[in-house]
Amino acid sequence: DSVRVFSRHSATEDADGAGWCWTSTGDGSYSIAKASNVRTGTKIEITLKEGSAEFASKYNLERILRKHSSFVTYPVLLHGERINNVE
């Protein structure tokens, strides 16, 4: 139904935790706005339509993240557990 991506660069020294929020509902448009209380790094929040819960299963999320983050040298966490290991 919608996706929100919160991001904050590690070099940001803003005391209020200012970062950015990218939002889209999948209709071909998006918005970017300044956001407060954003932790360093990136956090993705996905809101699914009713009846789409299978897409949010731990197995499906882990499979997708492993497939698309195996080359990323920074830790990718799912519910606090690192799922990518670059060797």
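What you have is a predicted model, so local features need pLDDT of at least 70 and side-chain atom pairs count only at pLDDT 80 or more, while totals for chains, interfaces and linings use all residues. Numbering runs from 1 along each chain as its sequence is written, and side-chain values use heavy atoms, with hydrogens and water left out.

Start with the overall layout. The chain has one helix and six strands, where helices (H or I, at least four residues) and strands (E, at least two) are DSSP runs numbered from the N terminus. Taken along the principal axes, the C-alpha atoms fill a box of roughly 40 × 40 × 20 Å. Of the 87 residues, 21% are buried; here buried means under 20% relative accessible area, exposed over 50%, and partly exposed in between (1.4 Å probe, protein chains only).

Now for the charged pairs. There are four salt bridges, each being a side-chain nitrogen of Lys or Arg within 4 Å of a carboxyl oxygen of Asp or Glu. One of them joins R4 and E45 at 2.7 Å, N to O. That pair links distant parts of the chain, with R4 in strand β1 (residues 2–8) and E45 in strand β4, 41 residues apart. E45 also meets K43, at 3.3 Å, and R4, K43 and E45 are linked in a network of salt bridges. Each is partly exposed: R4 has a relative accessible area of 36%, E45 has 27% and K43 has 48%.

Another salt bridge is made by E81 and K58, at 3.6 Å from N to O. E81 lies in strand β6 and K58 in helix α1, so this pair ties together parts 23 residues apart in sequence.

K43 turns up again in the largest pocket: T42, K43, I44, L65 and L77 lie nearest its centre, out of 27 lining residues. A pocket here is an open set of points, on a 1 Å grid over the protein atoms alone, where a 1.4 Å probe fits, with protein on both sides within 12 Å along at least five of seven lines; lining residues have an atom within 4 Å of a point. The space inside comes to about 1,100 Å³, counted as the space filled by probe spheres set on the points. β4 (41–47), α1 (58–69) and β5 (77–78) each supply at least two lining residues, and β4 gives the most, with six. The lining divides into 16 nonpolar, eight polar and three charged residues.

I32 lies in strand β3 (residues 31–35) and is exposed at 53% relative accessible area. By contrast, C21 in strand β2 (residues 19–24) counts as buried at 10%.

Finally, take a look at the backbone in two loops. N37, between β3 and β4, has a phi near 60°, a positive value in a residue other than glycine. H79 lies in the loop between β5 and β6 (81–82), and its phi, near 55°, is positive too. N37 is exposed, with a relative accessible area of 69%, and H79 is exposed at 69%.

Definitions and conventions: Ala, Val, Leu, Ile, Met, Phe, Trp, Tyr, Cys and Pro count as nonpolar, Asp, Glu, Lys and Arg as charged, and the others, Gly among them, as polar.
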